[in-house]
Each structure stands twice: as structure tokens, then as C-alpha cells.
Amino acid sequence: MQGKLNSRLSNKLFFAVMGTALLMGLLLSIVQIMLDARQARKSLETEAQQILAMMKEPATQAAYNKDEILAEQVVQGLFRNNAVFYAAVSIPEKPPLASEFRNKNIIPYRSLISSIFGQELSYTLELRGIAPGAENQGRNELFGNLEVSLDPSGAAHEFIERSKTIILSGLTQAIVFGSVLYLIFQGLIARPMTSLLSSLEEIDPMRPAQNQLDAPRGHEDDELGAWVQKINDLFKAIEKYNSKRRVAEAHVERLSNYDMLTELPNRNMLLRRIEQSIQDANHQDDMFAVLYCALDDFKSVNLLHSYHAGDKLLLTLADRFRADLDPTHTIARVGGDVFAMVIPNLDNHYQAADVAQKVLDSVRRPFRLDNHNISLSATIGITIYPHDAATADQLLKNAENVMQLAKSQGGNNYQFYVANVDQRIRETKVLERQLATAAEDNELQLVFQPQVNLVTGDVRGAEALVRWHHPERGMISPIEFIPLAERTGAIVAIGEWVLKQSCHALRRWLEAGFHNLTISVNVSAIQLHQSDLVNTVKRLVRETGIPPQHLMLEITETAVMENVDLAIRLLKQMKEIGVQLAIDDFGTGYSSLSYLKKMPMDEVKIDRAFVQDMLEDPDNGTIVDAIIQLGHSLGLSVIAEGTETLDQIKYLQECECDVAQGYYYSQPIREDSFLTFLSHQRSQVKSATQRAAKSTSPVLNKSS
Ligand code: C2E
Ligand code: CA
Ligand code: CA
């Protein structure tokens with residue numbers, strides 16, 4: 001840096017000091033010369049006066065005596081002085097007694113000299129005296145004049161020579177003086193500055209206080225030393241400020257890039273990691289996967305336990321992922337119960353599937369929480385770069401979409417994004433729009449699945465199940481469209497339609513002479529919380545004139561658990577109308593005895609999943625038995641759904657289950673078929689049930 005200075009301080013110093021010294025030297029010399037000129041002129045005049053004084057006596061003599069020879073001698077005497085170029089002794093009114101003239105010396109700078117000394121110096125000395133014999137008169141008589149003219153050139157020549165010397169020595173002194181001054185300045189200012197400059201270059205701007213500046217030697221106690229001290233203090237202050245800022249920045253960094261609970265990267269950071277992976281993959285010409293992993297039913301953990309417990313579970317889960325996955329995989333938390341992973345350097349899709357399976361296994365391992373064993377499941381959507389999207393954002397979004405799709409198909413699984421997923425999502429949107437008008441377009445239909453009293457063998461009633469006859473796609477299962485309707489809110493209109501149709505159906509059955517039938521209607525969580533369900537039910541009961549206790553509303557366990565207090569309030573209002581309430585899919589939603597006690601329920605419906613393999617899986621058998629005992633202890637009736645075999649019926653009877661519903665008796669059937677079922681097969685159903693109780697095993701024809 002020093003080398004690059006194109007305007008160095010020392011150069012400036014040099015020119016300033018030298019310039020000033022030379023100027024001063026010149027000025028002083030000029031003053032000296034001027035004084036010398038005055039002196040030279042004065043001595044010229046003195047010299048002239050001396051010459052005249054010397055010649056006064058003989059000249060007066062010559063004038064008095066009119067002695068031409070003496071006058072000539074006086075003139076010659078005067079001419080011995082080289083400066084004299086004219087001399088004359090004259091007497092009044094007569095030609096001069098003697099005079100002489102010679103040419104002036106030819107010299108350079110005549111005009112300069114004239115301006116200082118004049119062209120010439122002319123003097124006239126009156127020659128007076130007292131004539132002999134007139135002494136007593138005392139009169140000084142004029143005898144004549146002595147005239148002399150001097151040429152100053154000789155003196156001027158010497159003056160000029162002297163002037164040259166003066167200027168030369170003046171300038172020499174100035175140069176010497178200037179050099180000394182320059183060296184002093186250089187030593188006092190420029191050199192310490194240069195050394196400060198080079199030690200400043202050593203300073204690390206990030207940690208300025210690490211290398212302290214040293215005061216130049218000998219300057220420790222002067223202004224320079226104080227300056228260095230101040231700079232060092234400033235550096236310390238900067239360093240302190242810097243380190244505080246770094247801490248703050250790091251904190252902000254963490255806040256904006258990491259999840260505070262699990263300390264995993266957040267969505268922000270994940271997107272950046274994906275971007276980095278895109279670059280790496282482009283560079284190495286390979287693929288990577290993005291996994292979007294959402295827990296299937298995390299909400300109920302928070303509800304049943306506490307948010308603190310939920311947090312603990314998420315922390316455990318994060319630790320499991322860290323332990324189970326490869327360190328090269330990025331694990332992020334991108335939402336309350338959503339994690340995401342980036343799996344780099346894939347050779348094929350199977351590797352991504354393996355990791356997804358690992359993640360599912362990690363989630364499925366039971367958690368111990370508040371002395372309970374909790375099991376969770378998750379659904380994972382997988383996108384592969386470069387096949388499924390070109391940008392980080394789109395990769396994540398597509399993975400989320402495919403996760404949602406997989407979830408709507410039951411969850412607890414992983415699914416790859418494929419090109420037609422987009423198409424399917426679009427189709428779903430179309431379906432959602434059509435669903436909004438399905439009821440008014442007469443595309444919905446109810447089917448009924450008989451429910452049989454396991455003690456008497458009587459058909460207790462039926463569950464109403466909705467069907468959608470799509471004009472182009474044909475029959476669409478409620479498993480597919482109910483979640484869509486719940487998402488769009490169309491479930492409110494559909495649910496009201498189902499309720500109304502069910503009430504009318506019951507009305508018709510009553511009119512047909514079946515007085516003891518109960519109709520079970522599914523009520524969705526959204527319907528329960530978002531619509532004025534109580535008033536709707538009240539109005540429909542009034543309009544159709546059905547006995548309200550013959551209407552049973554099935555509410556899933558998870559719907560109730562979403563907001564327990566609100567649910568209890570709504571259910572109590574429902575009970576005031578007189579309808580019955582059943583808790584549907586019981587056993588899947590972690591509800592505990594204490595909750596069940598608070599609910600104004602009439603019936604518990606054991607979930608199909610437990611019934612289906614209760615004979616093969618002793619655990620499920622125990623659960624079914626326990627639910628039945630629990631229900632009874634709370635004064636509730638218990639119904640088992642999904643009963644398909646006689647052995648299942650027998651087991652349920654042994655456990656004293658009250659009611660059963662399932663393919664063993666009948667699939668869901670149209671109303672006319674149900675009425676036929678009621679009239680013609682009543683006795684058959686009854687005897688089949690009774691025979692089951694006696695451990696014989698006739699098989700009942702499955703109706704459809
Ligand atoms: P869900 O309430 O658990 O209904 C019982 C489901 O189990 C019905 O399926 C029925 O066909 C099926 N099922 C009955 N017996 C057996 C059996 O022995 N074995 C097997 N494997 N399955 C059996 P569906 O009709 O497809 O309904 C599916 C789900 O759709 C229902 O589950 C319910 O959650 C929902 N759903 C149906 N209709 C409505 C409705 O009107 N409103 C609301 N909100 N949801 C409805
Ligand atoms: Ca149901
Ligand atoms: Ca069910």
C-alpha cells in the first residue's frame with residue numbers, strides 16, 4: 001500500500017519545506033542586497049567627498065592665483081582615481097583653468113546600475129578663502145569651483161559581484177536549512193506515520209483488537225502516542241461491538257433457520273439445503289429425494305395429554321430420526337407435526353423407499369408418555385430431483401401434495417410423486433366442485449346396513465351409509481369423497497341431506513309397521529363443530545314426527561376429542577332433543593375412560609380394525625373384551641362393526657357384546673332390499689344368531 005501512494009506525505013513535506021526555505025533565502029538575500037546597495041552608494045559619495053577635500057587646498061590655491069599649471073596638477077591628481085571621468089578647476093566668468101574628460105567604462109547592466117547609483121555622481125566644490133590682506137575684513141571670497149564627476153560603474157561592478165555571492169550563499173543556507181527541517185519533519189511525522197501505516201495493515205478488520213498498534217518509538221507520551229492509544233481504544237470498542245453483533249446475528253440466524261423445539265432446520269433452512277442439493281446433483285449428475293412426513297394423528301396426543309407432552313414426543317421423534325437416519329441426510333421440522341428429509345446421492349428410487357420405511361418404523365415404535373404407551377403413524381410423500389420438479393419450492397410442494405393424497409387413502413404409508421399425481425390433484429379439485437352440488441343434483445343415495453341384537457337375534461336397526469353416483473365416474477366410495485367434503489365444507493350440506501333422508505326412511509319403516517328400529521347416522525366432526533346441527537336435528541325430528549330416541553347419531557372418537565368441552569356441550573344439547581348418541585370407531589382415538597364418562601353417550605361402537613382380527617390377534621381380542629366391559633360398566637350398550645364370520649359373532653356373544661353389524665349379516669343395501677331383509681329374513685337372522693349362541697354354526701346367506 002505504501003508503495004502505491006502517489007502523493008506521499010514526505011514528498012509534500014520536502015517541497016513545502018524546500019520551497020519555503022528557498023523563498024525565504026531569496027527574500028533575505030534581496031533585502032541584504034538592497035542594504036548593500038545603499039551602503040555602496042554611501043561609500044561612493046564618501047569617497048568623492050574625500051577626494052574633493054584632499055584637492056580643496058591646492059585647487060583653491062590654483063584658483064586664487066589663476067595658476068593653470070597647478071590647476072592642471074589638481075585635475076591630474078583627481079584623474080588618478082579610476083572612478084573620476086570629468087574634473088575641472090574653474091574661476092568665475094572665465095574658461096576653466098584646467099579640465100579633463102575621459103570615457104566611462106563599458107560595463108554590463110548599465111541601466112540596472114543607473115537605477116541604483118544614478119548615471120553619474122557630479123560634485124561642485126566652491127573654492128573660497130580670505131584674500132591676503134583682507135584678513136581683517138573676515139570675508140570669505142569665492143575664487144572658483146572645483147568640479148568632479150564620478151562614474152559609479154566600478155563600485156557597481158563590485159556590488160554586483162557581492163550580490164551574486166549574497167544570493168548564492170543565501171540559497172545555499174536555505175537549502176541546508178530546508179534539508180535539516182525536512183529531515184526533522186521526516187523523522188518526527190512522516191516516518192512514524194509510515195510505521196503506523198504498516199502496523200495498521202496488520203490489523204484484522206474482523207478482530208481489530210487482536211493486534212494492538214504500537215506507538216512509534218519516542219512518541220509514547222506525545223500526541224502521536226495519545227492518538228495511537230485512542231485508536232487502540234477504538235479498536236477494542238469495535239471488537240466488543242463486533243462480538244456482540246456476532247452473537248446477536250448467530251441468534252437471529254438460529255431463530256430464522258432452526259426450529260426452536262427440536263433444533264432441527266426449519267422450512268427456510270430446508271429450502272436452502274434443497275437448493276444446495278439441486279446444485280450438487282446437477283454437478284454430479286445424480287438424483288436426490290425429498291420426503292415430506294406428516295404424523296397421522298398427532299392432534300389427539302396434544303388433546304389427550306398436554307402440549308408439553310406433545311412437545312416431548314416431538315423431541316423424542318427428532319432424536320430417533322437423528323439416530324436412525326444417515327448423517328448426510330438433512331432432517332427438518334417444517335410444521336407442527338411435519339418433518340422433511342433430504343436424501344442425497346440416490347442411485348435409484350428404492351433407496352428413497354428404504355429411507356421412507358425407516359422413518360415410518362421410527363414413528364411407529366411406541367412412545368412412553370405419562371406412563372402410557374402411545375403409538376403413532378405417519379404418511380410420507382416423496383419427490384425425486386430431477387424427475388418431479390425443478391425448484392426447491394416445487395419439490396417440497398409436490399411432496400406435500402402426494403403426502404396429502406396418500407393420507408386421504410388411509411395414511412400410515414409412503415407414496416412417490418409421479419407425473420400423474422398432478423393430474424389426480426386436478427381431478428380431485430373438479431370432484432370437490434361437483435361434490436358441492438351432488439345432493440341437489442340427486443347424485444347421492446343412502447344404503448342401509450342392518451344391525452343385529454346379539455341376544456335376541458332381532459334386527460335392531462340399520463346404519464345409513466351414503467353413496468355418490470357420479471355421472472361420469474360411477475359409484476364413488478365415501479372413503480374417498482367424505483374427506484374431500486370435510487375439507488371443502490360440503491359435508492354440512494351432505495350431512496343435512498343424509499339426516500333428512502334417514503329421518504324420512506325411519507318414518508316410512510314406522511309406517512310399514514317396524515316400530516322398534518333405530519337408524520344410525522354418521523355425523524362428521526366438521527358437521528358437529530361448524531353447523532347448527534342441534535337445530536337441524538330438532539327441526540327434522542319435528543318435521544318427520546319420528547320418535548327421537550330411534551335416531552342414533554354416530555360420532556367418531558377423534559371428532560369428539562378435537563375439542564372435548566365444546567363436544568360435551570353440543571352432545572348434551574343433542575341429548576335434550578332425545579336422540580341417542582354412539583361413539584364410532586372406538587379404540588382408534590386414544591380416548592380414555594375419564595373422557596368417556598363425561599360424555600352423554602348411549603353406545604360404543606368397536607372399530608372394525610379390532611373386530612376383524614380379534615380371533616387371530618389375542619391383543620385385539622383382549623381389547624374388544626375390555627371395550628365391552630368398559631362400555632357396560634359405564635351403562636352403555638356396545639356394538640361391534642365389521643363382523644364377517646360366525647366365529648366372530650360367537651366370540652362377541654361370549655364377551656356379552658350387545659349388537660353386531662357386518663357382512664356376516666348383510667352388506668349395506670338399498671332401502672327396498674332392507675325392508676325385504678326385515679320381512680323375509682327376520683326369522684332366519686334370529687335363528688342364526690340364536691344358533692351362534694348355542695355354538696352351532698349355520699352360515700347365513702350374505703345379502704347385498
Ligand atoms: P363407518 O362409519 O365405520 O362405516 C362402516 C363402514 O364399514 C362402511 O363403509 C361399511 O360398508 C363397512 N362395513 C360394514 N360391514 C363390514 C364388514 O363386515 N367388513 C368390512 N370390511 N367392512 C364393513 P362405507 O359405507 O364405505 O363407509 C365408509 C366410511 O364413510 C364410514 O365408516 C363413515 O366414516 C363414512 N361415511 C359413510 N356414510 C357417511 C355419511 O352419511 N356421513 C358421514 N359423515 N360419513 C359417512
Ligand atoms: Ca359409522
Ligand atoms: Ca365405524
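Is Glu 641 buried or exposed? Glu 641 is buried, with a relative accessible area of 6%; buried means under 20% relative accessible area, exposed over 50%, and partly exposed in between, using a 1.4 Å probe and protein chains only. This is a predicted model, in which local features need pLDDT of at least 70 and side-chain atom pairs count only at pLDDT 80 or more, while totals for chains, interfaces and linings use all residues. Residues are numbered from 1 along each chain as its sequence is written, chains are lettered from A and ligands numbered from 1 in the order in which they are written, and side-chain values use heavy atoms, with hydrogens and water left out.

**Calcium ion (ligand 2)**

- Glu 463 (OE), Asn 522 (OD1), Glu 554 (OE) and Asp 584 (OD) coordinate the calcium ion (ligand 2) at 2.1 to 2.3 Å. Donors are N, O and S atoms within 2.8 Å of the metal (3.2 Å for Na, K and Ca), and water is not among the atoms, so sites may look incomplete.
- Along the chain, these donors follow the spacing E-x58-N-x31-E-x29-D.
- Glu 463 in strand β13 (residues 459-470) and Asn 522 in strand β15 (residues 518-523) are 59 residues apart, a pair that links distant parts of the chain. Helices (H or I, at least four residues) and strands (E, at least two) are DSSP runs, numbered from the N terminus.
- Glu 463 counts as buried at 4% relative accessibility, whereas Asn 522 counts as partly exposed at 28%.

**Calcium ion (ligand 3)**

- Distant parts of the chain are linked here by Asp 584 in strand β17 (residues 580-586) and Glu 641 in strand β19 (residues 637-641), 57 residues apart.
- Asp 584 bridges the calcium ion (ligand 3) and the calcium ion (ligand 2), which lie 3.9 Å apart.
- Asp 584 counts as buried, at 4% relative accessibility.

**Nonpolar surface patch**

- Leu 9, Val 176, Val 180, Ile 184, Leu 188, Ile 189 and Met 193 make a nonpolar surface patch of about 570 Å². Patches are made of residues with over 30% relative accessible area and no salt bridge, with like charges joined within 9 Å and nonpolar side chains (Val, Leu, Ile, Met, Phe, Trp, Tyr) within 5 Å. A salt bridge is a side-chain nitrogen of Lys or Arg within 4 Å of a carboxyl oxygen of Asp or Glu.
- Helix α4 (residues 153-201) gives the most to this patch, with six residues.
- Leu 188 lies in helix α4 and counts as partly exposed at 48% relative accessibility.

Note on methods: Accessible areas come from the Shrake-Rupley method with a 1.4 Å probe; for residues, only the protein chains shown count as cover.
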